[in-house]
Amino acid sequence: MQSSPNVRAPASPNDSAPDSPSILLSNVSPVPPSPRKSVRLASRDAGSVRTYLAARGVVPGPDATSLQLQSLFDQLSAGSTSPLRDPVPPPRKHLPPPAIRDRPPGCKTVFVGGLPENSTEQTVEDVFGPCGPIIAIRKSKKNFCHIRFAEEYTVDKALYLSGYRIRLGSSTDKKDSGRLHVDFAQARDDLYEWECFQRMLAREERHRRKVEEDRMRPPSPPPIVHYSDHECSLLGDKIKDDVGFAEAVQVLVTWLERGEVNRRNANNFYSMIQLSNSHIRRLMSEKAQHEKEMEEAKDKFKSALAGILGQFEQIVSVFQAASKQKAWDHFTKAQRKNLDVWRKQVQEIRNMHNELLMGIRREEEMEMSDDDMEDPPSSKLSEDSAVSQAEALKEENDSLRCQLDAYRNEVELLKQEQNKNQPQRSEEESTHSQQLSFLQQALQGMQTQLLKMREELKQRESDLEKSLDDKHQLKKEVQTLKDGLQNLKSLKNTEGMQLETSLADERGPEENADQTSEAAVASTVVSCSQEKEAPTERSPQSPVQSEREALLVGIICTFLHVHPFGASLEYICSYLQRLDSKISSSEVELLLSRLPCTFRQDLTGVGASLEKRWNFCGFRGISSL
């Protein structure tokens with residue numbers, strides 16, 4: 001039989017799903033349909049034939065002849081096994097989408113319901129086979145089955161068939177027709193395979209991370225060999241070389257830490273240490289060379305920055321010349337606006353670079369002034385209070401110097417702006433002059449204050465030197481007094497022995513002589529003691545030397561009175577630094593140690609938990625004074 005060339009499959013809304021709308025079931029039936037079920041439409045017009053063919057899913061072309069239509073009608077009515085087959089009718093458009101459950105992880109099994117009662121496993125395989133390879137089909141006696149696919153993506157294809165109507169051949173019996181319902185199914189095999197796959201991915205991820213960590217980990221250093229005479233000679237050659245010096249010194253340090261030194265190889269180790277020490281001169285020369293290069297780079301940067309500032313000044317002068325009355329009137333409004341914006345930008349950039357250059361010069365001046373102010377220490381001061389006062393004066397001196405430099409730079413900037421900027425009004429000039437006068441007065445005041453602070457610093461230093469000299473003199477006098485007392489004791493012992501052995505009539509004049517000698521010695525001791533007490537009366541020393549220290553003592557007493565079990569030095573300093581951040585722990589410890597009758601330091605704890613704590617003992621110390 002000749003088939004028509006103008007036959008095409010009907011379009012459906014689910015054509016986008018691959019292979020899903022083209023499931024054809026005319027060959028699914030195991031036996032051909034009986035001739036009784038075929039409907040003959042002979043002696044019908046062409047419109048009726050076309051309607052019948054369209055209901056069966058065959059749409060002939062518009063130019064098909066009546067003979068072609070009759071042949072198609074005969075094929076469908078006779079139920080022949082030709083290539084023309086009835087497709088699965090698509091679901092109606094107005095029906096709601098079928099409800100499905102949540103997809104289980106790793107789902108490869110689907111539930112298919114609504115199958116015809118006369119359907120077999122071969123029928124199910126013919127319907128769902130185009131979706132993908134099928135592993136197993138578990139069909140129930142009722143109208144449903146479970147299909148397990150080989151891949152997960154084939155489940156999505158099978159879901160497209162949910163809602164389609166199925167019919168076995170051209171039979172109109174209810175047992176040969178049905179409506180498909182496809183849904184996800186939860187199977188233990190799918191879950192087991194999915195868990196195995198996830199564990200495999202986790203193993204691969206751990207392996208990948210381990211490989212990445214091994215790749216990013218720095219290489220471990222090579223093992224250091226043990227000491228031997230041969231290795232010692234090789235190491236000496238490496239130490240002499242500048243390239244392998246660092247590695248060789250590490251080996252030498254390891255040998256020394258291991259305890260490889262003994263009496264036999266001590267000379268070898270000494271020579272290697274001597275070779276290491278010989279590199280100091282080379283390192284110092286390299287450091288000096290790098291410092292020289294750094295200074296040259298600074299000078300080069302400074303000169304380049306000065307050249308850039310000069311060019312900025314030229315550009316500013318161009319804008320100043322353009323802003324004068326003779327040239328300004330010839331520009332348009334837009335041009336004037338652009339010129340103002342450009343001039344402001346150039347001035348801001350110029351000022352920024354000028355401040356940078358002034359900052360570099362200020363740092364150099366401060367370094368030079370610090371070098372001038374630093375003098376070699378003649379002697380170490382024993383009194384910590386005097387040292388702290390000197391340090392405080394130096395800090396104030398530095399802060400005043402910084403303020404003075406800042407005022408000086410501001411004055412220079414104001415002078416430069418006044419000389420180079422465009423002519424301003426008289427009121428602005430007057431305000432600038434007033435500002436200059438105020439700054440000059442402040443500068444003079446800061447200079448006088450700086451001179452006073454320097455004089456006070458010198459005076460304090462001279463007083464400290466005098467007090468040190470007096471202290472040395474007192475120590476010498478105390479030593480002489482001790483020597484005199486020892487001599488007196490020896491004289492008394494010798495004279496006592498002589499008196500015991502002498503005669504009774506000679507004791508009188510000898511006792512008178514002893515009394516006169518003792519009186520002379522006592523007078524010398526009294527005079528020396530008076531000389532010793534004289535400087536102490538001149539310069540009495542008090543443990544609290546300033547009002548600030550007295551205030552600190554009061555605050556610490558209140559704090560320790562609240563803590564009856566004492567507090568550590570760090571705890572006390574943390575409390576005081578909340579009030580004043582400049583307080584240091586050394587200053588607090590020195591102040592507490594100078595007042596033993598008010599504060600007492602105890603050890604608390606056992607073993608590794610030992611801790612020093614300060615306690616307030618003023619109520620007990622006042623009775624002992």
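Contact here means heavy atoms within 4.5 Å. With that in hand, Ala-248 touches Leu-235, Lys-238 and Ile-239, leaving aside residues up to four places away in sequence. Keep in mind that this is a predicted model. Its protein chain comes to 18 helices and eight strands, and buried residues make up 25% of the 625 residues. Of the contacts in the chain with a separation of 6 or more, 67% are between residues 24 or more positions apart.

**Helices α6 and α7**

- Let's start with α6 (residues 229-240) and α7 (residues 245-258), whose axes come within 8 Å and cross at roughly 140 degrees.
- Angles over 145 degrees would count as roughly antiparallel, so at roughly 140 degrees this pair goes down as oblique.
- As for handedness, α6 passes α7 in a left-handed crossing.
- On the α6 side, the residues in contact are Glu-231, Cys-232, Leu-235, Lys-238 and Ile-239.
- On the α7 side, they meet Phe-245, Ala-248, Val-251, Leu-252 and Trp-255.
- Sorted by class, this α6 and α7 contact has eight nonpolar and two charged residues, with no polar ones.

**Ala-248, on the α7 side**

- Ala-248 sits in helix α7 and is buried, with a relative accessible area of 1%.
- Its partners Leu-235, Lys-238 and Ile-239 are also on the α6 list for the contact between the two helices.
- Take Lys-238: its C-alpha is 6.0 Å from that of Ala-248, and the two are 10 residues apart along the chain.

- What does Met-272 touch, once residues up to four places away in sequence are set aside? The list is Cys-232, Leu-235, Ile-239, Leu-252 and Trp-255.
- Asp-237 is 35 residues from Met-272 in sequence, yet their C-alpha atoms are 9.5 Å apart in space.

- Is His-226 buried or exposed? At a relative accessible area of 55%, His-226 is exposed.
- You'll find His-226 in the loop between α5 (188-216) and α6.
- Leaving out residues up to four places away in sequence, His-226 touches Glu-231, Trp-255, Arg-258 and Glu-260.
- Arg-258 is 32 residues from His-226 along the chain, with 9.3 Å between the C-alpha atoms.

**Arg-188, in α5**

- Arg-188 is found in helix α5 and counts as exposed, at 75% relative accessibility.
- Along the chain Arg-188 and Cys-107 are 81 residues apart, while their C-alpha atoms are separated by 9.7 Å.

**Helices α15 and α16**

- Further along, the axes of α15 (residues 547-562) and α16 (residues 569-579) come within 11 Å and cross at roughly 125 degrees.
- That makes this pair oblique as well, and the crossing is right-handed.
- From α15, the residues involved are Leu-552, Ile-555, Ile-556, Phe-559 and Leu-560.
- They meet Tyr-571, Ile-572, Tyr-575, Leu-576 and Leu-579 in α16.
- By class, the contact of α15 with α16 has 10 nonpolar residues and no polar or charged ones.

**Cysteines**

- How many disulfides are there? The count comes to zero.
- Cys-617 counts as buried, at 7% relative accessibility.

Technical notes. Residues numbered from 1 in each chain as written. Predicted model: local features only at pLDDT ≥ 70, side-chain atom pairs only at ≥ 80, totals over all residues. Heavy atoms only, no water. Disulfide = S-S within 2.5 Å. Buried < 20%, exposed > 50% of the residue type's maximum accessible area, 1.4 Å probe, protein only. Axes fitted to C-alpha atoms, helices over the stretch in contact; angles between N-to-C directions. Helix = DSSP H or I, 4+ residues; strand = E, 2+ residues; numbered from the N terminus. Parallel < 35°, antiparallel > 145°, perpendicular 65-115°, else oblique. Left-handed = near helix turned anticlockwise from the far one by under 90°. Nonpolar A, V, L, I, M, F, W, Y, C, P; charged D, E, K, R; others polar.
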